[in-house]
Amino acid sequence: MEQGRRPGRRVDVDLSEGFGERLLGQLLDRAHEMPAHLIAPLVAEECAKVGGRDVSIYLQDYEQLMLAPLPGRGLVHGDALPIDGSHAGQAFLSKRVVEEWLAEAVRLYLPLLDGSDVVGVMALTLDAVEEDDRRLLRRLSGLVADIVVTKSSYTDQFFKARRRGKSLTVAAEIQWSLLPPLSMNTPQVSLAGALEPAHEIAGDSLDYALNDNVLHLAIIDAMGHELSAAVLATVAIGAYRHARRAEIGLAELYSFMDRAVDAQFGPEQFVTAQMLRLDVETGQLQWVNAGHPSALLIRGHRVIRKLEGPTTLPVGFGGAEPQVSTIQLTKGDRVMFYTDGLTEEHRIGGEPFGETRMINTIERTGPLCDGVAQMARELSQSLMRERGGTTSDDATLFLIEWHGGSADHLAVPDL
């Protein structure tokens, strides 16, 4: 059935006043102590109360290519769906509800938004859909997303679904457990990242926190490969978080990380890093660079400059106290941080991929993407294709887009 035509209204659904609030409240109350393996039948049961059937929950896989079905009693779990070219993928990328009109029904795909991070998609089929249904189901899918994220701390079920039968190395297990959500979107700033090879990542890592109006971020590349690199990255990120939460300055933060890595590993191992702070109200960006590739400033989908400045030695080498560099961003500016695996990858006997080709790929990909989350994903895959599908070293990128303004209006309740 074409969009705009609707089957008849369901007659077996409770439409009494306050039904939606009762439904969401009951789901929340029951989920508190519910074991993770019973979440699937609980969600299916609650969807049935609004006339929903054939319920599926899909989670984004580690490679950001597919939406993997979550198994569980009461759920339909068929094949994984591609993010590109599927209704579910469209809902995931756009963060909006997508409706697929069938002969006598409509299938809805609802993004699972945990805060501003899209963790997956919930799909269900209704005989008919009206605006009240859409409003209630958007709220229901948001609650399901929160439950999935919360319960994932208590089970391996959701992680196993995201792997799609592929195993992670021990190093990758460590690194993924360290990472914050790889996307965040607020009225003032958006950010998103991608790491390859997803199932073997070892020495690359990143971390961020939005504290009041300051976004803190670090991206690192630990020397070595496999488990030794992951252990080194773990110490570096742990030291960064400790120092950041102590609210010390950027220069002092480098010194703290440097001492922590040196004390644990000695002068034979090191970590290249960039640490930054962005005032999300004013757009003032400050950073220190410890032997890391310079970030790129993107304006109007063009790379207009490298964010170069004084550098110090990599973390662990005992370099001089770094100088803090500063730049004023313009609304809509994007800044891309990356590790050298993006530019140094090459076929055997061939030339490295190089910065020029990377910049050309950025400028070709940016105009085709809606927001930094889609751009990070598309750019990572485009660079992979440009490199001939090879990634012998970790390759990580992270994008920030500054919007500016204030988010205070979100704290004012709707009247």
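The conversation below takes up several terms in turn and sets each against its cut-off.

Colleague: How do you know how far the coordinates can be trusted, and what is the average pLDDT?

Modeller: This is a predicted model, and the average pLDDT over the protein is 89, with 93% of the residues scoring at least 70. Residues 1–9 are another matter, for there pLDDT stays under 50, although the model has 25 contacts beyond four places in sequence for that stretch. Where pLDDT is low, the predicted coordinates should not be read in detail.

Colleague: What makes cysteine 47 and cysteine 369 buried or exposed?

Modeller: The word buried is kept for a relative accessible area under 20%. Cysteine 47 has a value of 0%, so it is called buried, and cysteine 369, at 10%, is therefore buried as well. As for disulfides, the structure holds zero of them.

Colleague: Why is glutamate 252 called partly exposed?

Modeller: Its relative accessible area is 41%, and because the term covers values between 20% and 50%, partly exposed is the word that applies. Glutamate 252 belongs to helix H8, which covers residues 250–265, and its C-alpha atom is separated by 17 Å from that of leucine 285, 33 residues apart along the chain.

Colleague: How do you know that the span of H8 is close to the expected one?

Modeller: H8 has 16 residues, and the distance from its first C-alpha to its last is 23 Å, which is close to the 22 Å expected at 1.5 Å a residue. Among its buried residues are Leu250, Leu253, Tyr254 and Phe265, and the buried residues of H8 pack against helix H7, strand E11, strand E12 and strand E15. Just after the helix, glycine 266 takes a positive phi of about 75°.

Colleague: What makes the side chains of glutamate 63 and lysine 166 a polar contact?

Modeller: The distance given for this pair is 2.9 Å, and the cut-off for N or O atoms is 3.5 Å, so the pair falls within it. Glutamate 63 sits in the loop between strand E1 and strand E2, and, leaving aside its neighbours within four places in sequence, it is also in contact with residues including Arg164, Glu196 and Gln381.

Colleague: Why is strand E8 said to pair with strand E7 and with strand E18?

Modeller: Pairing is said of two strands because at least two bridges are found between them. E7 and E8 are joined by three bridges and run antiparallel, with asparagine 185 opposite serine 190, and these two strands form a hairpin with three residues between them. Eight bridges join E8 to E18, again running antiparallel, and the bridge partner of alanine 194 in E18 is leucine 397.

Colleague: How do you know which way the residues of E8 point?

Modeller: In a regular strand the side chains alternate between the two faces of the sheet. In E8, Val189, Leu191, Gly193 and Leu195 point one way, while Ser190, Ala192, Ala194 and Glu196 point the other way, and all are buried.

Colleague: What makes strand E13 and strand E14 a pair?

Modeller: They have five bridges in the antiparallel sense, and since two would be enough, the term pair applies to them. Isoleucine 298 has valine 303 in E14 as its bridge partner, and in this hairpin, which has two residues between the strands, glycine 300 takes a positive phi near 60°.

Conventions: Residues numbered from 1 in each chain as written. Predicted model: local features only at pLDDT ≥ 70, side-chain atom pairs only at ≥ 80, totals over all residues. Heavy atoms only, no water. Disulfide = S-S within 2.5 Å. Buried < 20%, exposed > 50% of the residue type's maximum accessible area, 1.4 Å probe, protein only. Helix = DSSP H or I, 4+ residues; strand = E, 2+ residues; numbered from the N terminus. Polar contact = N/O pair within 3.5 Å; in protein donor to acceptor, adjacent residues only side chain to side chain. Contact = heavy atoms within 4.5 Å. pLDDT = per-residue confidence, 0-100. Expected span 1.5 Å × (residues − 1).
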